[in-house]
Amino acid sequence: MRIAAAIFLLALSSSGPRVQFVDRAKSAGLEVVNWSGGAEKNHIVESTGNGVLLLDYDSDGFLDVYFVSAIRLLPGRKTEPHSNTLYRNRGDGTFQDVTREAGVGSSAFGVGGAAADFDNDGLLDIYVTNWGPNTLFRNNGDGTFSDWTERAGVGDPRWSIGAAFFDPDEDGDPDLFVGNYIETSWEEVWNAERVRLWRGRVQVLDGPRGLPGSRNTYYRNEGDGTFVDATESAGFLSGSGQYTMGVVSFDYDDDGDVDLYIANDSMPNSLYRNRGDRTFEEVGALSGAAYNADGATQGSMGIDVGDFDGDGRFDLVVTNFAHDYYALYRNLGGSFADDSFATGVAVPTFAPLGWGAHFFDVDSDSDLDLFFSNGHIYPQVDTDPVLHETFLQKNLLLLNQGGKFEDATASAGSGFEIPRSGRGSAAGDLDSDLDLDLVVSNQDQAPTLLVNETDGGGRAVLVALVDPRGTRQGLGARLQVTAGGVSQIRQISSGGSYASQNDFRAHFGLGENTALDLTITWLDGEKEVHEDLPAGREYVVRRGAPPLALLPR
Amino acid sequence: MASVLLWLALFVQDPRELGRQALSEGRLDEAETHFQAALASNPPRVFEIHYALGRLYLQKREYARAREAFAACLSRAPRFSPALVGRARASLFLEDVEAAVADLTAARSFPDAPAEAELLANDLELYLSRGADASPGSIQDLASAREYLRVGAVLLSGGETDAGLRSFRVASAIDDQNPIAFLFSKEIGEAPPPLYPTLPAEFRLAREAFERSDLAGAAAALERILERRPSFVPARLLLLETLEGGERSVDALVQYETLAEELPPVFELHARAGRLALRAQAHGLAECHALRALELKPQEPTMLFLLAESQLGAGHAAEAIATCERAIASGAATAPIYFTLGNALHGRMEIASSIAALRKAVELDPQAAEDIASFALSSLTTEEYRSLRSLLEAHVEEHPRNVNTLYGLGVMSLREGELEKARQYLERVREIAPKDVQAHYNLALLHQRAGREDLARESMARFQELRAEEDALWREGHRLSNLRIRAGNAGLEERIEILTELVKSPSEETSADYVLLGEALLAATRLEEARDAFERARSQTARDARALEGLSRVEAALGDDEKSLVYAEAAALLKRRCP
């Protein structure tokens, strides 16, 4: 009997982790509905939805959630403003709406945003992108924020979607890049008609092609709480006006400085190579990451950066439109190859319409899996029996099996069963159990909180950086973890996915390994190595000091 | 002198020749005069004149006189077997089967018996056996009276009297000299077609016009023939060729409908009509013809393919898939079937299954790679693509100018890191298709990877030039689309103005734009202009239906109800769907 039980247990354990996510948004109290436009979606501004930011705003060690909301449009040219919402993580699986107390509500037509400690005071600030002037909320350190937009000079008035803080000039102050989409007006929104045909079948909203693109903005941080518009001098006007959505910064060519990649809807994506002299050169086309494998542009909404094949180089994944595949660009060492089909990403992503994108280790087995939040922009597809498309869509989970991805959505638990109008998403450890959870902002619906309850997953670590000599959070720093002969890399970055902000802490899955070596390459090139750190911890690494293991919560 | 000249003229113009010429041109009375004159001159080989008179009287349907003439021929030339056949023919028309059998038996006993003897004997056997031993196969030669006789006999023996009658009617119309068709028709109460002695000559002239590409002249001549003898199928078939050659596919489809009503169920007819309907994008009609053809030959692979394609074209992907699966299950799995299956699955967003089907298509026939869009080829680079790659390599050896296959191999090689091979394939594509955007793009990336910066920049620059051209086309299309929207929102006069400008910019939508213009002009009661616009809209595809409906309304407004009805019926035909 005992032997039989042992064999049974052995069989169970050797069958691998059982990936499971459960949607706990309601029980956690994340119930705000993020509205965006009207029900029929006659104008494109009503369709692009909102992002979500994860940040520990009160430095209590628990990750909080900030949802951005737009304005609800009603018949008769009526508007119904809805505030952005800040939820404080209580640390017990529930959240508390602290928007009013914190002073981060807004009745603007919100889109998304990014977080960073722009003034290096040790507190995370929030930058909100809007259709209309953007907002910079400076963290006061007492649970409240102040509107610092005008003082900082970062109130870009255009329709902004993705944003990212990064330090390309390595002066220790986070600069800000804002991706802007289309020039439009309220009059155009009210008068909009669905005049275009989608796949020859249903009449849908116009754009983006044919509509005037809006120029992006690069704000250089002056180090005194203010920014200057350095878009032109830095070289960011080249490739601008191309319907920018997603924005990420990363070192694509391993030359030690951070570059910038932006996803442009229906236009070639842009890759800006940091020349190291405060200017950038747009090299997207020849890099292989501007177009798909056939030289075609794609819808291009959300982006993430990660080393999925373990070769020590950061690869890219970009979500795209329906009836097209999401692109996985493998980094070949300064150039990219569209390997979407070869890696199995293309086929399961062809039907849905994607927004948020995440490389993350779902089951902590030391490789990066993929998550996409999905939702269509044309409600009209539901009315046509020939198209086989739906407005509400399920999110997608693809598991990395040795560099090839398999669609695990159907078996990933109840959290993946309900189709929604998904838009921006963010990944982070919200329940402090050292695995990554996901928050999805759903358009015109309550959000989704996908709590990772994977059974039998490997050990993991979380690492947060503090850099008193650079940007406080260590933006642009590269972390390398080696355990059991396997090396993984991560970077610390702001923004990403679609108009959202992930947990700043780097997560590493370690499989069965109980210890790891950690190498940090700070943005200025200085390296530090910490050997034989125990797995199963959260570490805070202050530059020059030994890693501090936080007590389990 | 004059009488000498007249005598000479008479001597030079042999009345036998004059008679034969008049007979061939259907001038029967004149021919009879000449033959009688020839007889009166007591010429040598007088039996030939009696024979010619016999044939003349057959054409005039004076069967008793015909029999006498053939008898007179035989009395002078008893072994002249054509006369035996002719007399047998006359006997049959006189319903004297016994005499006909005797003459045919005698004719067939001669070693130099004409083929006609055997054929007529077979036809008679068909009649006498009531088709019991006839082959039940479908008609192969749509212009053959004998085929209609055979099928008619089979239908009659199977109790399908109405279909049998149609068959005999057509047989008589094609060859009113065949007595068997006459006998069968008479049995079921059908009179022979009216005399039309000039028909062969007129048809010959129509064919000559077609052969010298005078399509309008040929069509006019054939339409005149069909007015007099509607069931003369050879004329209708030639008219179809004329219309199809002149890209008047809708008119041809109307002719097919008429033909289908006249003929018994014929596989070949529905197959041809279905293929034409598919080319004209009248998918519902194509589907109908495919279904009717499949009733006659249930698993015929080309019709299963046609059915699936027409279902897919009509947007009925589920039905198309079912048809393809039926074809595959019945063993009719061809590359075109798998190709259609792949496309149908793709339309339903079943991408993995779509790729599997397209891969199968290429495995069965690497030529299918020519038809598979770049997306599908790219998608073929999954785990098992290596076996497919060797197929494509073999294919390109035999078809070195197949651009899609070359491109696919180039991309596969690039992904495998075989840069030199990739370069060769992609440069070949660029040679054959200098404006191939994808080839330029991948060459640029390839050169970049190989460290050849200058070549990379050059290829990328060319790629971007070509993309700019595509973008310019897109922008122009977008501009025209905006004009259409403006027109839709404008008042009538402004709408006419905008559409008049719009049609000056040719695009894929010009035909539809002409329809919109026609409708606007019709609303403004500018009828002649409306008619002109609808005529210009007629691009010989299913889109013609709206133009035809417009023309129907114009003609009705102008008081020509007959023309209006013709247009309305043609429009309805294009929009037909099978239940």
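A: A pocket, as the word is used here, is an open set of grid points, on a 1 Å grid over the protein atoms alone, with protein on both sides within 12 Å along at least five of seven lines, whereas a cavity is a set of points where a 1.4 Å probe fits but cannot get out. The model is a predicted one, and in it the second largest pocket holds about 760 Å³ of space.

That pocket has a lining of 23 residues, and those nearest its centre are B:Asp251, B:Val254, B:Gln255, B:Thr258 and B:Val566. Four helices of chain B, namely H13 (215-228), H14 (233-245), H15 (249-262) and H32 (561-574), each contribute at least two residues to the lining of the second largest pocket. Helix H32(B) has the largest share of this lining, with seven residues. Sorted by class, the lining of the second largest pocket comprises 11 charged, 10 nonpolar and two polar residues.

The largest cavity has a volume of about 420 Å³. Its lining is made up of 27 residues, and A:Asp304, A:Phe359, A:Gln491, A:Asn502 and A:Asp503 are the closest to the centre of the largest cavity. The elements that supply two or more residues to this lining are strands of chain A: E18 (244-250), E22 (303-306), E26 (354-360), E35 (486-491) and E36 (506-511). In the lining of the largest cavity, 12 residues are nonpolar, 11 are polar and four are charged.

The second largest cavity contains about 90 Å³ of space. Among the 14 residues that line the second largest cavity, B:Phe93, B:Ser172, B:Asp176, B:Phe182 and B:Pro192 are the closest to its centre. Helix H11 of chain B, residues 179-187, gives the most to the lining of the second largest cavity, with three residues. This lining divides into six nonpolar, five charged and three polar residues.

Chain A, whose strands were named above for the largest cavity, has 40 strands and eight helices. Its radius of gyration is 22 Å, which agrees with the value near 24 Å that a compact globule of 553 residues would have. The C-alpha trace of chain A spans about 70 × 60 × 50 Å along its principal axes. Of the 553 residues in chain A, 62% are buried. If one takes the contacts in chain A between residues at least 6 apart in sequence, 60% of them join residues at least 24 apart.

In chain B, one residue may be followed in more detail. B:Leu406 belongs to helix H24, residues 403-415 of chain B. This residue counts as buried because its relative accessible area is 3%, where buried means under 20%. Apart from its neighbours within four places in sequence, B:Leu406 is in contact with B:Val396, B:Pro400, B:Arg401, B:Tyr425, B:Arg428, B:Val429 and B:Ile432. From B:Leu406 to B:Ala556 the separation is 150 residues in sequence and 56 Å in space, taken from C-alpha to C-alpha.

Notes. Residues numbered from 1 in each chain as written. Chains lettered and ligands numbered in written order. Predicted model: local features only at pLDDT ≥ 70, side-chain atom pairs only at ≥ 80, totals over all residues. Heavy atoms only, no water. 1 Å grid on protein atoms, 1.4 Å probe; cavity = no way out; pocket = protein on both sides within 12 Å on 5 of 7 lines; lining within 4 Å. Points joined across faces, edges and corners; volume = space filled by probe spheres on them. Nonpolar A, V, L, I, M, F, W, Y, C, P; charged D, E, K, R; others polar. Rg over C-alpha atoms; globule rule 2.2 N^0.38 Å. Buried < 20%, exposed > 50% of the residue type's maximum accessible area, 1.4 Å probe, protein only. Contact = heavy atoms within 4.5 Å.
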